[in-house]
Amino acid sequence: MPPTPTKPTRPLILVCGEDEFAVKQRAKELFQQWSAEGGGFGDDTIDGSVSNGGEAMAALRKFREAMQTLPFFGSAKVVWLRDCSFLGDDRVSASALVTETLAQLADELKAFDWNAGTRVLISAGKVDKRRTFYKTIEKLGTVESLAGWSVEDKDWAEQAELWVRKAVAANVSSRRGESPNSRSGLQAKQIDEEALAALVSSVGPNARLLASEVEKVCLYVGDRPQITAADVAAICTRNKTARAFAVADALGDRDLPKLL
């Protein structure tokens, strides 16, 4: 997962990529940010996860209607086509009707009055970059492509550790004797170096599983602000990829007992 991109300045943005978890997190972050800036009046969210051409056409119809509806009281408005599944090269995406409608929508985006206060956010998985619709968004707006971590990336572990630190710090615990609702009663959790390395090596380059394990270990430690290696060993699971990493590391270190 790449570092979080900077705040987009254009009112049209496509967040896409094969890292489904990262795409959903980033799109949610943008929607909340834009909605807060615009006051949250009249925002529209359209579900773009479909299984056939008919559902895709229905989603596109709702999306176009939402774009054509002006913001209330001159405020800003956000239209989010969420989890769009028909921008790739699958059967539904390749249907003639969907392709034609997306081409028409691309023309509408070119002629759209972006000064009216409407912001458009589209989140999707894999997209076909050869399509007119994609090229139009790339020209008019911003495209954020999130490929995720891979074992082939030399620095994936460093990126994962940085992400885990931020995720752990976002969790808070209450000091004994103080109300959990009190600002002074909240303290950010921390994870020590040994625990951090153990957690990342246990899970591997999988952001979704890392998020789940971070939440699990934070709940496990309860009010304690510090997460230790013992906590990780007690509660976190090791997936197959992580076990493969451990075997390779033990072999490289010539550590026979650990390898066995």
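You are looking at a predicted model, where local features need pLDDT of at least 70, side-chain atom pairs count only at pLDDT 80 or more, and totals for chains, interfaces and linings use all residues. Residues are numbered from 1 along each chain as its sequence is written, and side-chain values use heavy atoms, leaving out hydrogens and water.

Now show α5 (residues 156-170) as a cartoon with α6: their axes come within 10 Å and cross at roughly 120°.

Next, move on to α6 (residues 193-203) and α7 (residues 207-221), whose axes come within 10 Å and cross at roughly 135°. That makes α6 oblique to α7. Here L199, V200 and V203 in α6 meet L209, L210, E213 and V214 in α7. Six nonpolar, no polar and one charged residues make up this contact.

For the next stop, pick L14, F63, F86, L87, I122 and F133, which touch the most other members of the 31-residue largest nonpolar core. Such a core is a set of buried Ala, Val, Leu, Ile, Met, Phe, Trp, Tyr and Cys residues joined through side-chain atoms within 4.5 Å, buried meaning under 20% relative accessible area with a 1.4 Å probe, protein chains only. Helix α2 (53-68) gives the largest share, seven residues.

Finally, select W156, V164, L210 and A229, which are among the 24 residues of another core, apart from the largest one.

Notes. Axes are lines fitted to C-alpha atoms, for helices over the stretch in contact, and angles run from 0 to 180 degrees between N-to-C directions. Helices (H or I, at least four residues) and strands (E, at least two) are DSSP runs, numbered from the N terminus. Angles under 35 degrees count as roughly parallel, over 145 as roughly antiparallel, 65 to 115 as roughly perpendicular and the rest as oblique. Contact means heavy atoms within 4.5 Å. Ala, Val, Leu, Ile, Met, Phe, Trp, Tyr, Cys and Pro count as nonpolar, Asp, Glu, Lys and Arg as charged, and the others, Gly among them, as polar. Buried means under 20% relative accessible area, exposed over 50%, partly exposed in between (1.4 Å probe, protein chains only).
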